[in-house]
Amino acid sequence: MKKIIFTLLAILFSTLAFSHGPTPQKVQESVTIAASPEKTWEALKNYSEFEKIMKVRSFKDKLMKAKYELIKTDVPFSDYNAQIRVKKGENDNESVVQWTARFYRTYKLNPPIPEGQDDATAVAAVKEIVGPGLAGFKKSVESQ
Amino acid sequence: MVKQKKLSIFNLKTSNLIILTFFLIILYLYFSSNVKKDHISKAYITNQGDNTVSIIDLETLNTLDTLEVGVAPLGITILQKKKLVFVGNVGTDDISVIDAVNDRLIKTIKLGTAPLSLTSNSEETEVYVTDWFQNNVLTISIEQMRVTNSLNVGITPSGIAYNKKHQYQIISNRDANTLEIYTKDHNLVKKIETGNHPFGIYTEGDFVYVANVYDDSVSIINLVDWSTYEFLVGAHPYNVRVHNKVAYVTNTVDDTITIYDLDSKKTIKTLDTGETPENLDLNIKLNLVVVTNWGSDSISIFDIQTLQLLKEIKTGAQSRSFGDFILQ
């Protein structure tokens with residue numbers, strides 16, 4: 001059932017805007033963590049789960065900003081770059097972790113776009129990484 | 001009786017004077033506002049994520065207006081003398097033309113194919129558009145406001161720039177790692193190799209500068225003897241501008257711009273921008289470098305002399321502005 005809904009959504013979105021053209025896609029999601037930004041940032045630098053899918057490009061301590069590139073190859077998107085930032089929350093013991101991913105669909109030539117290689121498929125696949133990824137990180141930090 | 005007459009004359013003069021003063025004030029206000037409007041420097045930011053163009057006053061550093069254009073606007077060029085802004089919409093395969101005096105959309109030109117980047121000739125009689133999917137460069141006549149010519153070029157034509165000195169049209173072929181140089185009559189002068197994944201172009205005098213995205217470098221090509229030189233910048237550079245023998249380059253993955261001295265061949269400074277800085281343009285009159293930040297939906301404005309950040313201004317979603325986007 002989930003697959004059918006997903007396919008229908010993919011068809012729907014692929015016929016809407018951004019169905020073609022050289023347009024990079026963006027997925028940006030945030031999670032609030034009950035820990036200070038400093039603690040969350042340190043935890044992020046030592047968190048190995050993200051590195052199963054992404055390679056660290058840089059850690060900028062001053063900006064609390066980590067840059068990643070993709071190491072997984074069997075994915076329905078391409079040219080993926082991402083960054084994860086740790087920002088201040090509403091109080092000293094709260095932080096907001098924001099994950100921003102930029103990528104393209106796999107098919108870059110003339111329309112028609114083959115099924116499974118379009119923007120909607122690429123966005124859905126990245127969301128499958130970002131959402132659960134942030135939830136897992138939150139759980140890990142808050143249980144420490 | 002005499003006294004009364006004098007008084008009435010005096011009264012008439014006073015009222016005339018008041019009317020005249022009002023008239024002069026209105027005239028002054030009318031002309032001063034017009035003069036100001038004509039000379040204002042503005043940045044036009046294409047927001048690919050929400051189908052708008054943000055218009056920024058570069059003198060006060062405030063947003064003046066946000067205009068709805070076609071779907072997924074990306075490329076841009078400005079006719080400085082005619083005060084017209086051309087925006088390429090890759091989602092609706094058309095071009096939005098904005099009158100930069102009143103900041104109103106005045107025309108939509110249908111292309112039927114995705115416009116990636118735009119430039120114009122020196123006389124501002126023609127706009128050239130790279131057509132990403134069909135590997136063409138389209139010519140738009142400004143007088144007719146329609147496509148009047150289509151030239152087949154190498155694969156994935158990406159950046160385009162017009163060299164005023166040599167009257168050349170210059171195109172980067174992203175997936176072929178080449179630059180193609182054409183005469184204004186569309187004859188191929190030269191095809192020259194660049195670094196890997198050439199994208200944004202700048203040209204002035206005898207030189208062309210192109211950002212090589214996958215090589216983290218910029219190639220400089222001499223249009224007279226065809227010699228080349230390459231220098232390293234930050235990660236995934238997208239575009240380059242040059243002024244007074246200094247190159248300004250956006251590093252999309254580093255969230256920085258590189259400022260490189262072309263004489264001493266050294267990086268002068270690397271400045272932090274917003275997230276995913278894609279394109280940049282200069283305003284020499286006001287000493288500004290304006291950078292579009294795709295990732296943070298904003299622009300960063302730096303002082304060209306002090307290299308200090310003056311302001312980061314929010315725009316629409318996914319701001320890009322690939323091309324010349326400042327009305328000088």
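Modeller: Let's start with a strand pair. Strand E18 (residues 217–222) of chain B and E19(B) pair in the antiparallel sense, over five bridges. Strands are DSSP runs of E, at least two residues long, and helices are runs of H or I of at least four; both are numbered from the N terminus. Two strands pair if DSSP finds at least two bridges between them.

Biologist: Which residue is the bridge partner of Val218(B) in E19(B)?

Modeller: Phe231(B).

Biologist: Before we go on, how should I read the numbering and the model?

Modeller: Residues count from 1 along each chain as its sequence is written, and chains are lettered from A and ligands numbered from 1 in the order in which they are written. This is a predicted model, where local features need pLDDT of at least 70, side-chain atom pairs count only at pLDDT 80 or more, and totals for chains, interfaces and linings use all residues.

Biologist: Back to E19(B). What is the strand order of its sheet?

Modeller: The order is E16-E17-E18-E19 in chain B, an open sheet of four strands with antiparallel pairing. Strand E16 (198–204) and strand E19 (228–232) of chain B each have a single partner strand, so one side of each is left without a neighbour in the sheet. On average, neighbouring strands are turned by 20° against each other, direction ignored. Those axes are lines fitted to C-alpha atoms, for helices over the stretch in contact; angles run from 0 to 180 degrees between N-to-C directions.

Biologist: I clicked on Tyr202(B). Which strand is that in?

Modeller: Tyr202(B) sits in strand E16 of chain B.

Biologist: Buried or exposed, that Tyr202(B)?

Modeller: Buried, because Tyr202(B) has 26 C-beta neighbours inside 10 Å. The cut-off for buried is 20 or more other C-beta atoms within 10 Å; 12 or fewer is exposed, in between is partly exposed, and C-beta atoms are placed from the backbone.

Biologist: Which residues is Tyr202(B) in contact with, leaving aside neighbours within four places in sequence?

Modeller: Ala161(B), Tyr209(B), Val240(B), Arg241(B) and Val242(B). Contact needs C-beta atoms, placed from the backbone, within 7 Å. Tyr162(B) is 40 residues from Tyr202(B) in sequence, with 8.6 Å from C-alpha to C-alpha.

Biologist: Arg241(B) came up there. Where does it stand?

Modeller: Arg241(B) is opposite Tyr248(B) in E21(B). Five bridges join E20(B) to strand E21 (residues 246–251) of chain B, and the two run antiparallel. They form a hairpin with two residues between them. In the turn, Asn244(B) has a positive phi of about 50°.

Biologist: Why is strand E20 of chain B called largely enclosed?

Modeller: Six of the seven residues of strand E20 (residues 237–243) of chain B are buried, so the rest of the structure largely encloses it.

Biologist: New topic. How many residues does each chain give to the contact?

Modeller: Chain A gives 14 residues and chain B gives 15. On the chain A side, strand E4 (78–88) and strand E5 (95–104) are the elements that give two or more residues.

Biologist: And what is the makeup of chain A?

Modeller: Three helices and five strands, running α-β-α-β-β-β-β-α from the N terminus. Of its 144 residues, 33% count as buried.

Biologist: Where is pLDDT under 50 in chain A?

Modeller: Over residues 8–20 of chain A. pLDDT is the predictor's confidence in each residue, from 0 to 100. Helix H1 (residues 2–15) of chain A has the lowest mean among the chain's elements, 49. Where pLDDT is low, the predicted coordinates should not be read in detail.

Methods:
Contact = placed C-beta atoms within 7 Å.
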